[in-house]
Amino acid sequence: MNRDETLLLAHGSGGRLTHELVRRVFLPAFDNPYLRPLSDSAVLTELPAGRPALTTDAFVVDPVVFPGGDLGYLSVCGTVNDLAVAGARPLWLTWALVLEEGLDGELLHTLVEGAARACREAGVTLVAGDTKVVPRGKGDRAFAITSGLGVVPVGRDLGDHRVGPGDDIVVSGPFGDHGATIMACRHGLSGSGLVSDCSPLADLAETVLTCGADVHAMHDPTRGGAATTCHEVAARAGVRFVLEEASLPVRSETLTTCELLGLDPLYLACEGRVLIWVAPQDTERLLTTLRRHPRGKGAARIGRTEARKDGQALVLLKTMIGGERPVDLLSGSELPRIC
Amino acid sequence: MSTPDAFSDRATVEALVRRVHERASQLRRPVTFMEVCGTHTHAIAAAGLRRLLPPLVRLISGPGCPVCVTPVDYLDRAEAIAALPDVIVCTFGDLVRVPSSRGSLERARARGCDVRVVYSPRDALPIARDHPSKRVVFLAVGFETTVPTVAAALAEAESERVSNFQILPGGKRIEPPLRALLTDREVQIDGFLLPGHVSVIIGANAYAFLVEEFGVPAAVVGFAPADILLGVVELVRQVVDATPRVANLYARVVRPAGNPHAQELIARFFEPVDTRWRGLGTIPASGLGLRAAWAHRDASSIAVAVPEPREPQGCRCGEVLKGVVEPPECPLFDRSCTPDAPLGACMVSSEGTCAAWYRHERFGTGAAA
Amino acid sequence: MCLAIPMQLLDRDEWDGTAELRGVRRRVSLMLCPEAQVGGYVLVHAGYAIATVDAEEARKTLDILDEVAELEGTQE
C-alpha cells in the first residue's frame, strides 16, 4: 500500500491486498530471517541461558502521532521497557495491528517506520505480526498489541520482593513528559520543548544492572504515572515511600502544561523513564552511572523506603514548603480542570 | 511575572509560617478562617499547609467549589441531553466523574453518549462548526471567574453565526452563599480568605458588605503558598486588632472595581436566578441563568426526562460546608460515601472537605522524626 | 475555581493573541482583556486572558515577602 492510498477492509482479509501490504510495507521495514518466511509461527533459535521473560501490552494513543514519537514507536518501546525493568534482555517481539478502514497510507507508513526505528534502537527483532482491518467507525484509527520475549541472565533477581526499608528511590529522568505532551496536543498547547520522553531503555537498564550497584527493583512509570507505580509497589512490598517534592525532576515545559491544565506530573505517564529501588550505599554510584548514559541525564534520588505501620499512607510527599501530603491512587486518568 | 517561584519559595514560606505563629500568639481564642474556592482548597492540600499552622488557627473549606456544589439534577439533565441522538456535550474535565442519580458523564460516555472534555468553552465552537447537523451543548458551570469566558464564547457564537452551539447554564455567584453563611446562626467564621480569581472579575470592592454589614475580617488572596499565608497573617492581624476590612493582597491582578469588560459580558448574557446548591439547598439569586433574549442558546429548554432529585439520606454536607461539623461526624463518611463512590458535594471533588479529610486526615504522618 | 496562570503575550490581533510561559504557548482570547499589551503578562483562565498583571503591584508584593523573610529569617 502506497503512502497516498487509503486502507481498505480488503487489506485485512487475507487475500491479495493483505499479501501486498505485508510484502511491500511490513517486510521491508522489519526484514529479518525469522520474519521473512512469513510462516504461521516464527520458529526461533534456542534461548540464551537464564530465565525466559514474556510480556504483552496493548497500545492506544490519541493523537496517534505526537512530538517525540507515534503509536508504532511507542508500542515497541513500551514492551521493550517492560522486559528491561524486569532485568531481562529483550530479544524478540510480535506486533499485531488493528487498523480502521480509511486509514491514511502516510500514517500507516509512519507507524511502521516508527516501530522499525524503535526495534533498531533497542536491538530487538520483530519476528511475527498480524494485521486486521475493522470497518470505519469501529476502531480509533489504530491499535497496536505487542508481545516481547527476553531472557533474565542467570543470577539476576529483581522484583518487589527485594524492596525493603532503607532502599533509596531513584528516577532516570524528569517526570510526566509523555503524558504532558499528549495533553498539550489535545488542548492546543505547543512549544518546541513539549516532547514525549518515549524511548527504549534496554541499554540503560543493562548498564544499571552491571554497574555494581545493588539494585532491588525497577519499574517504568507508564499509565497513571510515578504516583500509581509507587503505590502499587508499596502495596505489594508491604512498605511505604517518602518522596521529596523538591527532588522530583520535572522539566519546565511539563510543569507549565500541568499548571495550565490542572494536572500533576506525578500522575502523568512516562514512556522512557525508569524508577529504581537501590540499596542506599550504592545510590551515588547508581546516579553517576545513570547520568553518564544518554537516556539517564536528568537522574535524581527522589525519596526513600520505610517500614509501614497500620493506618499510614502508602506514599507520602514532603512538599516543597515543608508540609506533607499523602499521594493517592487516582480513580481514573488525569483530566484537565478549571477548578 | 518572571518570578512566580518567589511565591512558593521554601525560605519565604517558612518565614511566613513563623510570622503566622508569632501573630497567633496574641489570639485569646481559637479562630476559624474559611476559604471559599476549590482552587484554594486544592492549593492548601497540595502544599500540605494545614499542618504548618498554629493550633489556634483552623482553616476550613466553604462552598466554593462550583463542581462540588453543582446539584444532582444538573448532572441528570446533562446526561439526558447527552443521550439524545444528535447531541455532543462538551464539558470541563472537572464534571466528568461527578455523580448523578444514575452514574456520571463518564458512564454516559461509556454507554455511547458523545461527551468531550474541553479546556476552554471556546474549544466547543470548532466542534460545533465541524458538526453542523449536531447540537453542541456546553456545560457552563463555574463562578464569576469562568462565567465571562462562557459569555465571551456565546458572543463569538453569535457574531460568527454558529447556530448549533448552546449552553446548559450552571454558573453561580459567590456573594449569596457568603451572605447565607453569615446569616446562619450555627456558623462561626472569624475571617474569609477570598477567591483571588473570582475577585479579578468582580473586584475587591464587591466584598465591602462583609465588613459593612457583618464586621468580618477578609483578605483577597492568590493561590501560591506565600499568597495564602500572607492572607492568614492578615486575617489574624485583623482579628487581634479588631479591625475588619477587605485587604486586597492580590493587587497584581485584582483591581478594586474588577474587570469591566468581563462584567459587561456577564450582564449582557446572564441574570441572577434562584438555584440549588448540592448540600445547601436553594439560595436566592445565587445562580446565573441566560436572559430571555438568548433563549435560542439555552439548552435547559430541551425536553428531557429527568429523575426526581434526591439528596442522599443522612448526608450532612450542608453542615460540613458551613464548617459546623467535621466529616467523621457525618454517618455516611467512609461508609457509603468515599472518594471512589462519592454521595455528597464534600466528597465529590478530590479536595472537597470530606475527600481531603479521607485522604489526609485518616493517616498519621508517622514520618521518621 | 479557578486555575489561572500568568503568561506573557507574544503577539496579538484585535481579539486573540499568543501567550507563552516557560516555552509553552497557547492561543488565548483577549475579548475579556482588550487592553493587553504585547510583551506584558496576562492571567489566563480557560483559554481567555482575564486580567493584565500589574508589574508594579507584583513588585510590591515581592517586597513584602522579602521583608518578612528578612525579619523572620533571623530566628533560626
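At what angle do helix α1 (residues 16-30) of chain A and α3(A) pack, and how far apart are their axes?

**Entry 1: setting up.** I am working with a predicted model, where local features need pLDDT of at least 70 and side-chain atom pairs count only at pLDDT 80 or more, while totals for chains, interfaces and linings use all residues. Residues are numbered from 1 along each chain as its sequence is written, and chains are lettered from A and ligands numbered from 1 in the order in which they are written.

**Entry 2: two helices.** I looked up my opening pair and found an angle of about 20 degrees, with the axes of α1(A) and α3(A) 9 Å apart. Axes here are lines fitted to C-alpha atoms, for helices over the stretch in contact, and angles run from 0 to 180 degrees between N-to-C directions.

Next I listed who meets whom: V25(A), F26(A), A29(A) and F30(A) from α1(A) face residues of α3(A), including L108(A), V112(A) and A116(A). Contact means that C-beta atoms, placed from the backbone, lie within 7 Å. By class I noted eight nonpolar, one polar and one charged residues in this contact of α1(A) with α3(A). Ala, Val, Leu, Ile, Met, Phe, Trp, Tyr, Cys and Pro count as nonpolar, Asp, Glu, Lys and Arg as charged, and the others, Gly among them, as polar.

**Entry 3: two domains of chain A.** I found domain 1 (9-152) and domain 2 (160-326) in chain A; such bounds come from an automatic or database domain assignment. Their C-alpha centres lie 28 Å apart. Between them, 23 residues of domain 1 of chain A are in contact with 21 residues of domain 2 of chain A. On the domain 1 side, α2(A) gives the most, with ten residues. I sorted that side of domain 1 into 14 nonpolar, six polar and three charged residues.

**Entry 4: chains C and B.** Here I saw 30 residues of chain C in contact with 41 residues of chain B. On the chain C side, the largest share, nine residues, comes from α1(C). That side of chain C divides into 21 nonpolar, six polar and three charged residues.

**Entry 5: chain B itself.** I noted 14 helices and eleven strands in chain B. Helices (H or I, at least four residues) and strands (E, at least two) are DSSP runs, numbered from the N terminus. Along its principal axes, the C-alpha trace of chain B spans about 65 × 45 × 40 Å.

Note on methods
Two residues are in contact if their C-beta atoms, placed from the backbone, lie within 7 Å.
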